[in-house]
Each structure stands twice: as structure tokens, then as C-alpha cells.
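Thanks for asking me to look this one over. Please have the structure open beside you while you read.

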Amino acid sequence: KSKEAEIKRINKELANIRSKFKGDKALDGYSKKKYVCKLLFIFLLGHDIDFGHMEAVNLLSSNKYTEKQIGYLFISVLVNSNSELIRLINNAIKNDLASRNPTFMCLALHCIANVGSREMGEAFAADIPRILVAGDSMDSVKQSAALCLLRLYKASPDLVPMGEWTARVVHLLNDQHMGVVTAAVSLITCLCKKNPDDFKTCISLAVSRLSRIVSSASTDLQDYTYYFVPAPWLSVKLLRLLQSYPPPEDAAVKGRLVECLETVLNKAQEPPKSKKVQHSNAKNAILFETISLIIHYDSEPNLLVRACNQLGQFLQHRETNLRYLALESMCTLASSEFSHEAVKTHIDTVINALKTERDVSVRQRAADLLYAMCDRSNAKQIVSEMLRYLETADYAIREEIVLKVAILAEKYAVDYSWYVDTILNLIRIAGDYVSEEVWYRVLQIVTNRDDVQGYAAKTVFEALQAPACHENMVKVGGYILGEFGNLIAGDPRSSPPVQFSLLHSKFHLCSVATRALLLSTYIKFINLFPETKATIQGVLRAGSQLRNADVELQQRAVEYLTLSSVASTDVLATVLEEMPPFPERESSILAKLKRKKGPGAASALDDGRRDPSSNDINGGVEPTPSTVSTPSPSADLLGLRAAPPPAAPPASAGAGNLLVDVFDGPAAQPSLGPTPEEAFLSELEPPAPESPMALLADPVPAAEPGADWHPGHPAPLPLPPRFVCKNNGVLFENQLLQIGVKSEFRQNLGRMYLFYGNKTSVQFQNFSPTVVHPGDLQTHILSGLGQPPTKRVAAQVDGGAQVQQVLNIECLRDFLTPPLLSVRFRYGGAPQALTLKLPVTINKFFQPTEMAAQDFFQRWKQLSLPQQEAQKIFKANHPMDAEVTKAKLLGFGSALLDNVDPNPENFVGAGIIQTKALQVGCLLRLEPNAQAQMYRLTLRTSKEPVSRHLCELLAQQF
Amino acid sequence: MIKAILIFNNHGKPRLSKFYQPYSEDTQQQIIRETFHLVSKRDENVCNFLEGGLLIGGSDNKLIYRHYATLYFVFCVDSSESELGILDLIQVFVETLDKCFENVCELDLIFHVDKVHNILAEMVMGGMVLETNMNEIVTQIDAQNKLEKSEVRMENAIIKEGSQHDDNLRMICSFHCLSFSITL
């Protein structure tokens with residue numbers, strides 16, 4: 001029959017029923033029942049029922065059981081929370097509860113439990129505990145009252161008053177009637193979550209009850225024996241209740257419980273008493289709950305190992321349900337330190353499950369378990385298996401697998417070339433499911449780790465040679481070659497023109513976003529490889545770019561073309577400088593996985609990893625030596641959201657003006673939360689021209705209240721050495737707070753932006769960062785939340801929010817100790833204080849000086865007094881790479897002079913330290929000895945303390 | 001806690017729905033459709049558990065189901081329930097239906113909507129398991145039936161009205177009745 005016919009038939013029937021209800025003739029009980037049942041059925045089929053409610057209320061007020069029952073049924077199926085009606089119903093319920101007729105009382109209790117609205121709670125929450133513990137209540141009434149109370153408590157906990165009845169509820173655990181006990185256990189399990197101490201006595205009662213059931217013969221409990229298993233539901237509920245508490249303190253109780261648990265484990269090995277699946281189901285329900293309790297206690301290594309072995313057996317069981325549950329339980333077991341190793345022994349079985357299970361639910365559990373059992377020892381195997389699985393995985397779970405693989409690859413990467421390979425494989429296999437977070441992340445890591453950049457460039461170059469490659473691969477390739485293409489340009493097979501034509505061959509197949517990214521790559525190429533300039537300008541000039549229908553592409557083409565023809569090489573080099581490292585934060589991938597799985601799902605994975613060896617890898621990028629460019633030692637994973645924006649490259653005022661003329665764009669107001677791509681692009685935006693005079697004109701504010709340095713402060717944290725050569729990065733990070741810094745210096749002036757990120761979800765109160773300068777450095781603060789810079793940092797920082805503070809710095813004379821930043825705030829009532837050194841060192845005021853060899857030697861000789869020279873010979877702490885060294889020396893602030901030292905391996909630099917009082921000329925020479933892995937560093941300046949200080953600062957860097 | 005109990009046939013026609021959390025009527029229908037969609041595409045002999053659909057609350061919830069001949073019995077539960085325990089509960093439910101209707105079939109669920117609800121109410125209340133002992137449940141239902149019969153008899157004594165069987169319902173929906181046997 002067609003859909004229309006059905007609807008027609010039903011409308012006719014509804015009209016009929018309505019007329020019957022409205023009719024003058026009184027309906028007899030049977031007809032009323034008949035019509036109400038029809039309405040229920042019509043409702044079930046998905047049609048709206050907009051009448052009958054009043055009839056139902058009349059029915060349930062009747063004295064006849066038949067009518068009352070059908071009335072209650074109608075209400076509990078059809079009424080959600082129609083408040084008008086509920087008032088009427090409540091009246092009838094009140095009468096039934098007071099009727100002392102157990103059948104009527106049960107009907108009323110059922111109705112309350114099924115509707116469970118707040119109004120009903122208000123009306124009955126006080127009565128039900130009384131009914132529950134009354135001595136004369138029938139068992140069935142007690143049972144219903146317990147669950148009714150539970151429902152009301154869940155709906156509105158504030159309405160259920162705790163009182164002397166709680167103690168008596170606990171004693172229901174000793175009740176004769178098993179149904180009452182089952183209902184009471186459910187109630188207590190819920191109530192004790194809020195008030196564990198009030199219900200503590202339930203532990204010993206629950207244990208003794210459990211022990212009686214477990215040790216009883218299967219026939220003792222008669223009706224509550226289900227397929228030869230005594231009271232399986234009650235056992236399961238009791239075991240659940242015990243999971244609300246830590247292991248019993250009383251030794252006797254604990255002993256008895258452990259005995260129970262062992263008995264259950266032993267019974268699992270006995271031959272089944274029946275071949276029926278119901279028998280094994282019931283038995284295993286208890287067994288799995290027992291294992292959950294053992295995992296929850298996490299304190300009995302012996303039991304944990306037995307549990308693990310039992311689950312291991314189930315992994316190979318022919319019942320799919322058991323394999324599913326075993327995989328699921330093992331997931332939680334993997335996070336226990338006692339059993340993590342034992343779980344790992346099943347890796348082959350689990351991998352096999354991933355490959356051969358027919359059921360997607362089971363495969364999913366297997367993938368979860370592999371993720372949970374992964375640690376550094378098996379990461380490579382697991383990641384490669386998951387990659388293989390990805391090729392055949394169900395579409396629904398591919399994205400999740402991609403995220404998991406990306407997280408594992410990063411977390412357990414010992415060498416980052418493996419990480420890069422893995423992510424590129426991900427893109428190759430499941431490019432469509434690789435979300436932005438994943439490919440952003442690989443770019444962040446490559447940018448932050450100079451040891452992998454060359455490899456990454458080489459690998460993406462090779463990957464791009466595939467005739468068809470995923471667009472995400474083009475994005476990653478474009479970005480990496482734009483940044484680090486120079487590292488492979490030496491090889492004729494990947495010479496600049498080859499790189500360019502390879503990328504450009506993909507250009508036309510890509511979406512607008514990708515093309516925009518590629519255009520940025522091209523302009524970066526012009527800087528990296530001047531020889532490609534003509535070709536690229538040709539491409540930019542083509543009508544398809546300059547007059548592209550897409551505004552973004554058109555604008556980029558026009559701007560890049562003009563930039564490449566107007567700007568000098570120096571300006572290009574500055575504007576198109578390599579990206580600064582990203583500040584470290586929590587991985588956005590992990591955050592995404594958490595969002596996907598909902599709370600709880602990922603937490604097991606977060607805190608699940610307890611083996612100490614993983615901490616340092618969590619600490620991310622520290623284990624390999626050359627990490628000078630990697631900002632933070634603390635967080636393993638980057639976040640994009642609140643990260644300080646990458647610095648607009650400090651350009652000279654002149655260049656700034658020029659650029660503004662060229663672009664007429666908005667001043668580079670760094671936006672919060674740049675993605676790498678945005679950052680990549682915003683780097684190209686012009687810096688706002690800044691007059692040095694403006695900095696000088698800042699008034700000196702009166703002494704800040706609380707700015708005094710007093711002994712109550714914690715000792716200042718040492719300045720991470722990388723900040724000597726870097727101006728940007730994460731200065732500090734703990735669980736609560738992240739402080740990012742971004743600074744620029746010119747002559748004897750500096751401006752520093754401090755970004756305070758609240759990592760919690762709770763507001764910080766009385767937030768006050770102040771700067772103290774114990775030395776001769778005069779720092780004055782202009783602090784502000786964004787612009788204009790006259791406001792102070794707000795006293796409150798909301799959870800997840802970030803506030804910015806601007807410091808203007810002027811160097812009056814040379815100094816040794818950096819100024820201190822003292823941050824105080826209240827987090828959840830507890831005062832927090834920390835003090836750290838600001839990354840302001842004397843070398844920040846370096847003005848590079850170019851000079852010819854002749855001049856250099858002349859000056860070198862002039863500074864020949866012994867106290868003017870400081871020299872240090874030291875062992876290399878990081879691999880000796882000429883490019884890295886060069887970058888560091890430039891970051892240090894001096895100019896690098898080529899063709900001065902007769903030995904090309906050596907580095908020679910010169911510069912002037914600018915202070916307000918005086919200028920200090922500095923010359924430096926760094927002689928690496930690759931064989932001995934040693935350096936000799938010599939500094940000559942006109943001031944003795946400056947020589948020594950610079951020498952010390954610089955020596956830490958290698 | 002049990003969020004919902006759904007019974008539908010192999011074509012996705014609902015035969016019983018009981019929600020223990022308030023959902024709008026539209027959402028209820030959508031949940032039934034979504035659940036049918038998730039469950040019906042699964043092979044026989046795979047496991048009886050799967051992650052819940054989005055409407056019912058996403059992957060924090062599990063669908064635990066059994067398929068008997070023409071009918072699917074699906075319980076949607078949160079993480080506080082034991083999967084195997086619920087699987088057994090479904091079995092108890094079906095066995096009880098079988099006892100009360102003597103070889104229960106899909107038609108019984110249609111013509112005795114009230115009875116099925118009453119049986120369920122004896123087992124599950126407000127989303128929590130109330131009673132699992134089949135004999136106890138059957139006893140309660142028998143007592144109800146007796147009470148009903150005595151009232152009907154009294155009524156019939158007063159009004160002599162032949163209660164002819166109503167066959168309107170039979171026409172409301174088309175179905176083919178297949179008795180579904182229970183594997184005991």
C-alpha cells in the first residue's frame with residue numbers, strides 16, 4: 001500500500017476516534033482502551049497525536065485497573081513535559097501513591113520515572129524516599145520506588161533531599177528480595193558519585209553480597225539463576241558499584257573481595273555448564289565487569305596480569321562479541337603501568353584482527369587498541385600497520401585513523417625523517433582524509449627543526465614527481481620547497497628551474513587556495529633563486545594571473561609581480577625571509593581527535609601513556625641535539641589558536657615606507673591564530689613603518705604598584721639560551737600559562753610584545769605582569785591589551801584567552817643581567833607567582849657593520865689590549881653545520897664578513913653595540929674544528945666586560 | 001542507563017519505541033530511522049554492539065541489538081551498562097514475550113501494544129533495569145491479566161455488549177506476518 005493511502009487511512013481513523021471521544025455516548029472501558037491503543041500505534045508510526053490527552057487523564061483517574069493502566073501508558077509514551085497536563089496528572093499520581101494498593105502505587109511510580117520532569121520531581125521527591133524505606137512497603141513497590149528516586153535524582157539532583165533514609169537505603173543491599181537489591185544497587189551507584197562518604201558503608205555490604213553470589217552453587221538462587229549462572233545482573237551491578245570507590249581499606253573486606261575476583265577468574269577456566277550462548281554471555285558479563293574492577297583498582301599486579309591473559313584468550317575466541325569486548329577492555333588495560341607490557345605481547349593478534357575481522361566495529365576497536373598500546377618500542381610497526389589498514393579501511397573511520405597515525409608518528413618519532421615519510425604516505429594513501437590540521441602540523445615541525453628540512457625538501461620533491469598526486473601533497477610540497485628548496489638546489493636533478501617547473505605543472509589542476517599558496521612559493525623562489533626570477537615574473541605577468549577572476553589570486557599576482565620588480569635584493573631577502581619557528585603548543589591534531597571522539601575518549605590516550613621513556617619524546621623535539629631553533633621544551637605539540645603571531649620581519653624604516661607605497665595595504669596588524677599558510681603569507685605583508693622617535697617619546701610611567709622586587713618571589717627562571725639569537729618564541733609554558741614573546745630591536749631601542757595565554761578554562765584573576773630591572777637597564781613599560789597601547793593588561797584573563805603586553809625598552813649603557821618579568825595571578829583562588837628573565841641581552845642592541853678585510857684587520861689590531869679580548873675554546877654541543885652557524889651568528893646580531901679570514905671555514909663578524917651613553921665596537925671570530933668537534937671563539941671590543949659577556953653568551957649557542 | 005528501546009521489522013517499520021530521555025517526536029522518528037539504517041546493513045554473525053548514531057548521542061552511546069527472524073530488538077545504552085548484560089536482557093525480554101503470547105510473532109506486537117509496554121515496564125523503568133527474573137515478570141503480568149479479566153467480566157455483566165474484534169487496526173498497516181521463532 002502506498003504512503004498516501006496509509007496517511008489517508010490514518011487520518012480517517014483519527015477522525016473517527018476523535019468523534020468517538022467527543023461523542024455524547026459514554027464509551028465503555030473496552031472501547032476506550034481500544035481507541036487509546038490505536039492512538040499509540042499511530043503515534044509509533046510517526047504521526048502526530050494532538051488529542052486524547054484529556055481522555056488519558058480521565059482514564060488514569062479511574063478506579064478501574066484496566067482504565068488506569070491504559071491511561072498511564074498513554075501518558076508515559078506521549079507526554080514529554082506538557083506542564084498544563086502534568087499538573088492534572090500529578091493529582092492522580094498523588095492519590096495512587098497514597099492508595100496503599102501496591103498495583104496502583106507501582107503504576108504511579110512508573111509514570112513518574114518515565115516522565116521524570118522537574119515538576120514531578122518537585123511534587124514527589126520528598127515522598128518517594130519514605131515509600132522506599134517504609135517497613136511495610138511491598139517488594140515490588142520498593143523496587144519501583146528505588147528506580148523512581150534514581151530517575152528524579154538524575155533529572156534534578158537538587159530536589160532530592162539527602163537524609164536519614166540514606167543509611168537505610170544502603171541496608172537494602174541486605175534485602176531478601178534480589179530484585180530490590182538490584183534496584184537499590186543502581187540507586188546507590190548513582191547517589192554515591194556525589195556523596196561518596198555518605199554511602200561508604202555500602203562497600204563492605206556489596207562485597208559480602210557479591211561473595212555470597214559468587215560462591216553459591218548455581219541452584220541456590222533459584223529464579224535469579226540465569227542459564228546456570230547465579231544472579232548475573234546483580235553481580236554486574238555490584239561490581240559496577242565497587243568501581244565507584246578505591247580498593248577497600250579494611251583488610252578483611254579487601255581479602256574477601258580479592259577472593260571473589262579470583263573465583264570469577266577461575267570459573268572462566270572451568271568447562272561451561274551449558275552449551276547455550278546465554279550461559280556464556282551471562283558468565284562473561286560478570287567476567288568483563290570483574291576485569292574492569294581490577295583495572296580500576298590498578299593495584300594488584302597479579303590480578304592485572306591474569307586479567308590480561310584472560311582477555312588475550314578472548315582475543316582469539318570464536319564469538320565476535322567476546323573479541324570486541326576483549327579489545328575494548330584491553331584498551332583501558334594498556335594504560336596501566338603494570339600491564340602495559342603484558343598487553344604489548346598481543347600486538348600480533350591485534351594487528352591480525354585489524355586485517356582479518358569481518359566486522360567494522362571490531363576492526364575499529366582493534367585500531368583503538370593499537371593506538372593505546374603504542375609506545376616507542378613498537379611505534380614503527382604499529383604506524384606501518386595502520387597505514388596499510390588505511391588503504392582498505394571503511395570510509396567512515398579513515399579520518400580518525402589518519403589523525404591517530406599523525407599523532408603517533410609525531411609522538412614517537414626518534415628521527416624526524418621517518419615522521420616526514422609517514423605523513424607524506426598518509427597524504428598519498430588517504431589524501432582526502434588528511435585534514436588541514438595534519439598538514440599544517442608537518443609544516444610546523446619541518447619549520448622548527450632544521451635537521452629535517454633538507455630531507456623534507458628532497459622527499460616532497462620526489463613525491464611531487466608522481467604523475468598524479470593529491471592536492472594536499474602539492475600544498476605541503478609548495479610550502480616546503482618555498483622555504484627550503486635551496487637545500488636541494490645543489491643537485492642538478494632538483495635545480496631551481498626543475499623545482500619550479502615541477503610545481504608549476506600542478507598549478508592548473510589545483511583549487512584556488514592551493515594556487516594562492518603556490519604563488520607565494522613562487523615569490524619566495526625569486527628570493528631563494530634569483531635565476532628563476534625572469535621565468536616567474538613571466539608566469540605572474542600572464543593574463544591568466546593578472547586578470548584572474550579570483551580576487552585573491554589576482555591580488556597576489558599583482559603584488560608579487562610589483563614586489564619582485566620594485567624591491568631591491570636586500571628588501572626581498574628581508575621580506576621573504578625564512579619563516580620563524582612556530583611556538584610550541586598542544587597539537588591541534590590531538591585537539592581535533594578529542595573533538596571527534598567526545599570527551600573521555602582521548603583522555604585515556606593522553607594520560608594513558610605512563611611509561612617514563614615517553615616523556616622526553618612528549619617533550620617533543622628535545623632528544624636530538626640540534627634544537628636551537630626549536631622554541632619550547634615543554635609542550636609536545638603545537639597549537640595554532642592562541643600562538644603569538646610570527647614576527648613581521650623587522651625592516652628598516654625606509655624599506656617599510658617603500659613597501660607601504662607599493663602595497664597600500666593595511667598595516668600588518670598581526671592576527672591571532674595564523675595557520676601556517678596565513679603566516680606564510682602574512683610574512684609578506686608590509687610591516688608598519690615605525691619611527692624610532694615614537695619609541696623615545698613614550699612617557700615614563702610612575703612606578704608600578706607591586707613592581708618592587710621582593711624576596712617573596714620565586715627565583716627567576718633562567719633564560720633559555722636560544723633566545724640569545726632569536727627574538728621570537730615561547731618564553732615560558734606550564735599547565736596554566738604560556739608566555740610567548742616577539743620582539744624587535746633597533747639601535748638602542750627595543751619593543752617587545754608579550755603574549756600571555758591562559759591554557760585553562762578558568763579565568764585568571766588579579767593578573768599582573770610587571771617588569772623589574774635590577775641592573776642598569778632602564779626598562780619602562782607601556783602595557784596594553786591590543787591597541788591603543790595606553791591601557792594596561794586586564795586584571796582578568798579568561799580561560800583560553802590571550803592578552804598582549806607591549807614593552808618599550810631603551811638601553812642606556814651596557815649591562816650584564818637581563819631584566820626580570822614577574823607575573824602574579826590567582827588561579828582558582830590559589831595565588832601563582834613566577835619570575836623569569838626577559839630575553840633582553842646586550843647583543844640585542846647590536847648594529848651590524850660591514851667592512852672590508854683591510855679595515856677589519858686594522859681594527860682588530862687596534863683592540864689588542866689583553867683586557868679587550870675574550871677567548872673561549874669549547875666543545876660543540878650541536879652538530880657543526882656551517883649554515884646553522886651562520887644563521888646563529890646573524891641572529892646574534894653581528895654582520896658576517898666574507899672573504900676576510902684566509903680560512904673559509906672560519907667566521908668573522910663585526911658590529912656596534914648601541915647604548916644611549918656610548919657605542920661599543922665589537923669584532924668576533926669563530927673557528928670551528930670539525931675533527932675535534934671544538935670551537936674557538938674570540939671577541940674583541942673596546943670594553944672589557946662587554947667582551948667577556950658577549951663571549952659567554954655566544955659560546956652557549958654552539 | 002538505557003536511553004531507548006526500539007523494535008522494528010526488517011523493513012524498518014517501527015513496532016515498539018520507548019525513550020527514557022525526552023526527545024521531540026520528530027527526533028524520535030529520526031532516531032528510529034537512523035538506528036534502522038545502522039543496524040540493518042550489518043551482516044549476520046558479526047558482533048551485537050556498535051557505536052550509537054549521532055542523534056541518540058554519538059559514540060558515547062552503544063547500540064546493542066539482536067535480530068530475530070523479522071524483528072530487530074535494539075537497546076541504546078550509555079557506558080554505564082554491561083554490554084553482555086544488556087544482550088541477556090534482550091533475550092529475557094523476548095523469552096518473556098514468548099511466554100506471555102505463546103509463540104510471539106510480529107502481529108502480537110501490533111495488536112497488543114499495551115501488553116508489550118506493560119511487559120517492558122516490568123523489566124525496565126526510567127531507563128534502569130527493574131527486574132530480570134522471568135518468572136517474577138510473568139507472575140506480575142498474569143496478575144494484571146486476571147485483574148483485567150475480572151473487571152471486564154463485571155462490565156460485561158452490566159452492559160451486554162458483544163465485544164467484536166476490531167479489525168480496523170488490521171488495515172492500518174500492511175505487513176506480512178511471520179512468526180519469529182526464538183532460539184532458546
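The points below go through the cores, the contact between the chains, and the salt bridges.

1. A word of caution to begin with: this is a predicted model. Please read each point below with that in mind.

2. Let's start inside. The largest nonpolar core counts 276 residues, and A:Ile75, A:Ile89, A:Ile93 and B:Ile2 have the most contacts within it. Its biggest contributor is helix H11 (residues 178-194) of chain A, which gives 11 residues. Domain 1 (1-56) and domain 2 (374-588) of chain A each supply at least three residues to this core.

3. Leaving aside residues up to four places away in sequence, A:Ile93 touches A:Tyr72, A:Ala108, A:Cys111, A:Ile112, A:Met120 and A:Phe124. There is also a second, separate core of 55 residues, which includes A:Phe815, A:Phe845, A:Phe874 and A:Leu939.

4. Now to where the chains meet. The contact involves 75 residues from chain A and 76 residues from chain B. Together the two chains bury about 6,600 Å², with 51% of that on carbon and sulfur atoms. On the side of chain A, A:Phe41, A:Leu44 and A:Trp233 provide 11% of the area buried against chain B, more than any other three residues.

5. Eight salt bridges cross between chain A and chain B, and 26 residue pairs are in polar contact across the interface. Helix H2 (residues 29-44) of chain A makes up the largest share of the chain A side that touches chain B, with 10 residues.

6. Over all chains, the structure holds 43 salt bridges. In one of them, A:Glu119 pairs with A:Arg87, with the closest N and O atoms 3.6 Å apart. This pair links distant parts of the chain, 32 residues apart: A:Glu119 sits in helix H7 (residues 118-124) and A:Arg87 in helix H5 (residues 83-98) of chain A.

7. The closest N and O atoms are 3.2 Å apart. A:Glu300 is partly exposed at 24% relative accessibility, and A:Lys254 is partly exposed at 25%.

Key
Residues are numbered from 1 along each chain as its sequence is written. Chains are lettered from A and ligands numbered from 1 in the order in which they are written. This is a predicted model: local features need pLDDT of at least 70, side-chain atom pairs count only at pLDDT 80 or more; totals for chains, interfaces and linings use all residues. Side-chain values use heavy atoms; hydrogens and water are left out. A nonpolar core is a set of buried Ala, Val, Leu, Ile, Met, Phe, Trp, Tyr and Cys residues joined through side-chain atoms within 4.5 Å. Buried means under 20% relative accessible area, exposed over 50%, partly exposed in between (1.4 Å probe, protein chains only). Helices (H or I, at least four residues) and strands (E, at least two) are DSSP runs, numbered from the N terminus. Domain bounds come from an automatic or database domain assignment. Contact means heavy atoms within 4.5 Å. Buried area is the accessible area (1.4 Å probe) that two parts lose on being put together, summed over both. A salt bridge is a side-chain nitrogen of Lys or Arg within 4 Å of a carboxyl oxygen of Asp or Glu. A polar contact is a pair of N or O atoms within 3.5 Å; within protein, one must be able to donate a hydrogen and the other to accept it, and residues adjacent in sequence count only if both atoms are side-chain atoms.
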